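Please look over the model shown here.

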Amino acid sequence: MAASSNSQPVHVAITRRIKPGCEQEFQAALKEFFVKSLAQSGVHGAALIVPAPGSSSTEYGIIRSFASAAERDAFYASALYAEWKKRVAPLSDRQPETRELHGLEAFFRQDNRDPAPPPRWKMAIATYLGVVPVIMTLALTLGPLIRSWNFVLYNLVFNACVVALLTWVVMPLITRALHGWLQNDKLKTPKSDEHHDHFNLN
């Protein structure tokens, strides 16, 4: 695998095409695998992106987060992952496509059909639209309740709430609402110097 920053969190996006008629079996197997994999050291989380209802697509997206590149490499070299590959191979139409996401990209890969993240300036605007209302709302609601706390404890709790709301509530809503605007640049030809990290997990 390509090298990443030594201790930076790492997000890996995998797109896998499932054979028609095997979708339910794949989802059941994946849910079981999620439970087992999340018990591994260094695995921070995983999310599944399914085809839209009524869509003829059989592509499923998986975004998995790791504490570091070393933890990522250990996970994909583990017996657990080798067992998963063996189990899911008969259900898959072809080998999965895998790439690493950097920085804000993890928020914006809401659709496994999106070939690349939006421009950084769009990601920055969308993130700003999420951060401002979250901070203002918490300042008016949670702030007065914990204002008398120790400075360090206050900031730890307040910022933890900001991150949790952004990750699981606000940013998913923002990226869905702005999806058309965020992705409309994909119709343009990518610049020749655009760089993406790809990994061979097969």
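## Cys-22

Is Cys-22 buried or exposed? This is a predicted model, and in it Cys-22 has a relative accessible area of 16%. The cut-off for buried is under 20%, so Cys-22 counts as buried.

Cys-22 sits in a loop. Leu-91 is 69 residues away from Cys-22 along the chain. In space, their C-alpha atoms are 5.9 Å apart.

## Helices H1 and H3

How do H1 and H3 run relative to each other? Their axes come within 11 Å and cross at roughly 180 degrees. Angles over 145 degrees count as roughly antiparallel, so H1 is roughly antiparallel to H3.

H1 brings Phe-26, Ala-29, Leu-30, Glu-32, Phe-33, Lys-36 and Ser-37 to the contact. H3 meets them with Leu-80, Tyr-81, Trp-84, Arg-87 and Val-88. By class, the residues of this contact are eight nonpolar, one polar and three charged.

## The largest cavity

The largest cavity holds about 60 Å³ of space.

Which residues line the largest cavity? They are Ile-14, Arg-16, Leu-30, Phe-33, Ile-62, Arg-64, Tyr-76, Tyr-81 and Trp-84. Two or more lining residues come from each of E1, H1, strand E3 (59-66) and helix H3 (79-88). The lining has seven nonpolar residues, no polar ones and two charged ones.

## The whole chain

The protein has seven helices and four strands. From the N terminus, their order is β-α-β-β-α-α-β-α-α-α-α.

How much of the protein is buried? Of its 202 residues, 39% count as buried. Cys-22 is one of the buried residues.

Contacts also span the sequence. Take the contacts with a separation of 6 or more: 72% of them join residues 24 or more positions apart.

Key: Residues are numbered from 1 along each chain as its sequence is written. This is a predicted model: local features need pLDDT of at least 70, side-chain atom pairs count only at pLDDT 80 or more; totals for chains, interfaces and linings use all residues. Side-chain values use heavy atoms; hydrogens and water are left out. Buried means under 20% relative accessible area, exposed over 50%, partly exposed in between (1.4 Å probe, protein chains only). On a 1 Å grid over the protein atoms alone, a cavity is a set of points where a 1.4 Å probe fits but cannot get out, and a pocket is an open set with protein on both sides within 12 Å along at least five of seven lines; lining residues have an atom within 4 Å of a point. Grid points are joined across faces, edges and corners, and a volume is the space filled by probe spheres set on the points. Ala, Val, Leu, Ile, Met, Phe, Trp, Tyr, Cys and Pro count as nonpolar, Asp, Glu, Lys and Arg as charged, and the others, Gly among them, as polar. Axes are lines fitted to C-alpha atoms, for helices over the stretch in contact, and angles run from 0 to 180 degrees between N-to-C directions. Angles under 35 degrees count as roughly parallel, over 145 as roughly antiparallel, 65 to 115 as roughly perpendicular and the rest as oblique. Contact means heavy atoms within 4.5 Å.
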